[in-house]
Amino acid sequence: MKVLGLSGSMRKEGNTAQLIQVILRQCKEAGIKTEFVSLAWKKILPCLGCLKCKEKKWCVIEGDDWGGIAQKVLECDVLVIGSPTYYYNICGQLKNFIDRTYSLYHDHKLAGRKGVVVAIHASAGADRTAKTIEGFLNAHEFSSLGTVIGKGTDEGDVLSDADAVRHAEKTGDRIVRLLRPHHD
């Protein structure tokens with residue numbers, strides 16, 4: 001069993017990454033294999049809308065980082081995916097990644113996994129950010145394990161959001177109970 005944390009933020013150690021890491025830490029401490037991937041400074045080209053992926057069963061765009069990260073998503077049991085809020089929605093880097101997963105949609109390649117949404121905002125808009133990520137998870141037939149919303153602007157601010165940290169820890173515990181139901 002593997003839990004993958006995927007931060008869409010361009011800040012590698014930003015608030016999105018830090019709140020995802022709180023969830024992963026709960027899993028790791030219980031002996032569950034985790035991995036963290038940041039999309040920060042990765043080259044993720046946008047979907048071309050060419051529909052060639054319907055035949056190829058994989059995105060036809062080559063020469064960027066999308067394929068390797070998509071493979072990690074295919075190999076996980078639980079995906080903890082997050083984004084900062086930019087203009088009341090997900091950031092562009094994560095949107096490019098999500099759009100390219102259309103190539104996995106045709107054969108339901110991601111179906112059956114579990115998903116957790118993480119959304120960060122400075123003061124407002126995280127609800128819509130979360131809804132966009134939930135739409136991605138629903139389209140790919142993930143089962144939801146919940147949403148964690150945090151508040152912060154400067155790197156590390158979210159760790160001062162006691163409610164968000166507590167909710168992230170409880171979400172991590174829920175993942176542990178799901179993946180290791182007889183774990184004490």
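**Checking the labels**

Student: Why is Q18 called buried?

Tutor: Its relative accessibility is 17%, and buried means under 20%, so Q18 counts as buried. Keep in mind that this is a predicted model.

Student: Where is Q18, and what does Q18 touch?

Tutor: Q18 belongs to helix α1. Leaving out residues up to four places away in sequence, Q18 touches E13, E155, G156, V158 and L159.

Student: And what does helix α1 lie across?

Tutor: Helix α1, residues 15-29, lies across β1 (2-7), β2, β3, β4 and β5. Against β1, helix α1 runs at about 170°. On this scale angles go from 0 to 180 degrees between N-to-C directions.

Student: What is the order of the strands in the sheet?

Tutor: The order is β2-β1-β3-β4-β5, an open sheet of five strands with parallel pairing.

Student: What makes β2 and β5 edge strands?

Tutor: β2 (33-38) and β5 each have a single partner strand, so one side of each has no neighbour in the sheet. On average, neighbouring strands here are turned by 15° against each other, ignoring direction.

Student: How do you know that β3 and β4 pair?

Tutor: Count the bridges. Pairing needs at least two bridges, and seven join β3 (residues 78-84) to β4 (residues 114-121), so the two strands pair. They run parallel. Along the way, L79 stands opposite G115 in β4, and P84 has I120 as its bridge partner.

Student: What about β4 and β5?

Tutor: That pair is parallel too, over seven bridges.

Student: What makes β4 "mostly covered"?

Tutor: Of its eight residues, seven are buried.

Student: D161 is charged, so how do you know that D161 has no salt bridge?

Tutor: The nearest side chain of opposite charge, R166, is 7.3 Å away. A salt bridge has to be within 4 Å, so D161 has none, although D161 is buried.

Student: Where is D161, and which residues does D161 touch?

Tutor: D161 is in the loop between β5 (143-151) and α7 (162-179). Not counting residues up to four places away in sequence, D161 touches I149, G150 and K151. As for helix α7, it lies across β1, β3, β4 and β5, at about 160° to β5.

Student: Which residues of the largest nonpolar core touch the most other members?

Tutor: That core has 30 residues, and the ones touching the most other members are L6, L79, I81, L94, F97 and L137. Two or more residues come from each of β1, α3 (66-74), β3, α4 (92-100), β4 and α6 (126-139). Apart from it lies another core, of 23 residues, including I20, L24, V116 and L179.

Student: What does L94 touch?

Tutor: Not counting residues up to four places away in sequence, L94 touches G8, L39, I81, G82, S83 and I133.

Student: Which residues of α4 are buried, and what do they pack against?

Tutor: The buried ones are Q93, L94, N96, F97, I98 and R100. They pack against β1, α3, β3, α5 (102-105) and α6.

How values were computed: Residues are numbered from 1 along each chain as its sequence is written. This is a predicted model: local features need pLDDT of at least 70, side-chain atom pairs count only at pLDDT 80 or more; totals for chains, interfaces and linings use all residues. Side-chain values use heavy atoms; hydrogens and water are left out. Helices (H or I, at least four residues) and strands (E, at least two) are DSSP runs, numbered from the N terminus. Buried means under 20% relative accessible area, exposed over 50%, partly exposed in between (1.4 Å probe, protein chains only). Lys and Arg count as positive and Asp and Glu as negative; His and the chain ends are not counted. Contact means heavy atoms within 4.5 Å. A nonpolar core is a set of buried Ala, Val, Leu, Ile, Met, Phe, Trp, Tyr and Cys residues joined through side-chain atoms within 4.5 Å.
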